[in-house]
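This briefing is meant to be read alongside the sequence and the coordinates.

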Amino acid sequence: MNIKKLNILKAHHGDCCVIECCDASGDPYIILIDGGPRENYRTSLVHDLDQYKKIDLIILTHIDSDHIGGLLEYLSSSIADNQEFDKIIINAPNLLTVNQEGTQISIDEGVKFEKVLKEKRLNIKVIGNIISESDLNEFLPDGIEIKILSPNDIALKELYTNWPKDKKPDNDTQISTEVTNGKDFDIELNKLALNKDVEKSIKSDFVNASSIAFSIKTIDFHGLFMGDAHSSIVKDSLSKFYPENKPVEFDYIKLSHHGSKYNISNTFLDKIICFNYIISTNGGFGRSKHPDRQTIAKVIHHKNMQKEKVKFYFNYPLA
């Protein structure tokens, strides 16, 4: 087996995942994706990450506080001094050392994260300025292939435009709120699946739009991890990487934005076939509740799926 474990950690209302795989030589390769919110540092990271002496690759998908907060606390702590970290993929303009060419969302935490990497974790190699055309092969061992599917150039430029130019912490620039329509619970899933696709604009939702989404392929596994990316951006990238007029098959897909109806579309589902879907959430909090029934409905009733085969995996009990 090349994939040893896919561990979706309990990360409150956020995302945190560990992929344990092996390269072509059989050597272990550990990938950490995001770190959940700040409270995840105490409740999950300090317990779940201590088994790894080395984390080969960290992928910080974007600077939402429910993705970056726990990782910021962890890398700032002395606990992380006992581990070796090799590389991190992150889009933060003040950290670019590679490929230099040119819930509440917090630019402030992104700036703090830059500071921690510069002052405490200089040994971590930063891979930045990542967009869907970026080639990561030179940074990965044989037997592990990662394709970047989001962000596109427009979304990354919008993030950088809104990044503080003086490198000092700024105030939060966006508030991400989602309200589940109570009427949705009265609609049968097969009818809810027919609802029109809805997606926010890149400009109004630039942090999520700039989220890194990627596929990972090993000898026996093909997975898609969407962060909080816009499904239209991922769909366009899949069309570029796989120009054949047929859907791309995945073993597992971690759905975008905890199953939000704003990050799923039938045009994206037209491009994929998958029967195993991961939703990372404890149900959300405040005005932001996840997942949306519309997301579940669109997946199981899409023509590419077989309703009786589709499974959803949650990192928290349903009740």
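The points below describe a predicted model, beginning with the sheet and then turning to the helix.

**The sheet**

- Six strands form an open sheet with mixed pairing, and their order is E8-E10-E11-E13-E15-E18.
- Strand E8 (145–150) and strand E18 (311–314) stand at the edges, and because each has a single partner strand, one side of each is left without a neighbour in the sheet.
- From one strand to the next, the twist averages 20°.

**Strands E8 and E10, and the helix across them**

- E8 and strand E10 (residues 213–218) run antiparallel and are joined by five bridges, with Glu-145 standing opposite Lys-217 in E10.
- Helix H7 (residues 231–241) lies across both E8 and E10, and its direction makes an angle of about 130° with E8.

- Helix H9 (residues 293–300) is largely enclosed by the rest of the structure, because seven of its eight residues are buried.
- These buried residues are Gln-294, Thr-295, Ile-296, Ala-297, Lys-298, Val-299 and Ile-300.
- The cover over the buried residues of H9 includes helix H5 (189–192) and helix H8 (266–269), together with two strands of the sheet, E15 (276–279) and E18.

**Thr-295 within H9**

- Thr-295, which lies in helix H9, has a relative accessible area of 1% and therefore counts as buried, the cut-off being under 20%.
- When its neighbours within four places in sequence are left aside, Thr-295 is in contact with Leu-255, Gly-259, Ser-260, Lys-261 and Ile-264.

Methods. Residues are numbered from 1 along each chain as its sequence is written. This is a predicted model: local features need pLDDT of at least 70, side-chain atom pairs count only at pLDDT 80 or more; totals for chains, interfaces and linings use all residues. Side-chain values use heavy atoms; hydrogens and water are left out. Two strands pair if DSSP finds at least two bridges between them. Helices (H or I, at least four residues) and strands (E, at least two) are DSSP runs, numbered from the N terminus. Axes are lines fitted to C-alpha atoms, for helices over the stretch in contact, and angles run from 0 to 180 degrees between N-to-C directions. Contact means heavy atoms within 4.5 Å. Buried means under 20% relative accessible area, exposed over 50%, partly exposed in between (1.4 Å probe, protein chains only).
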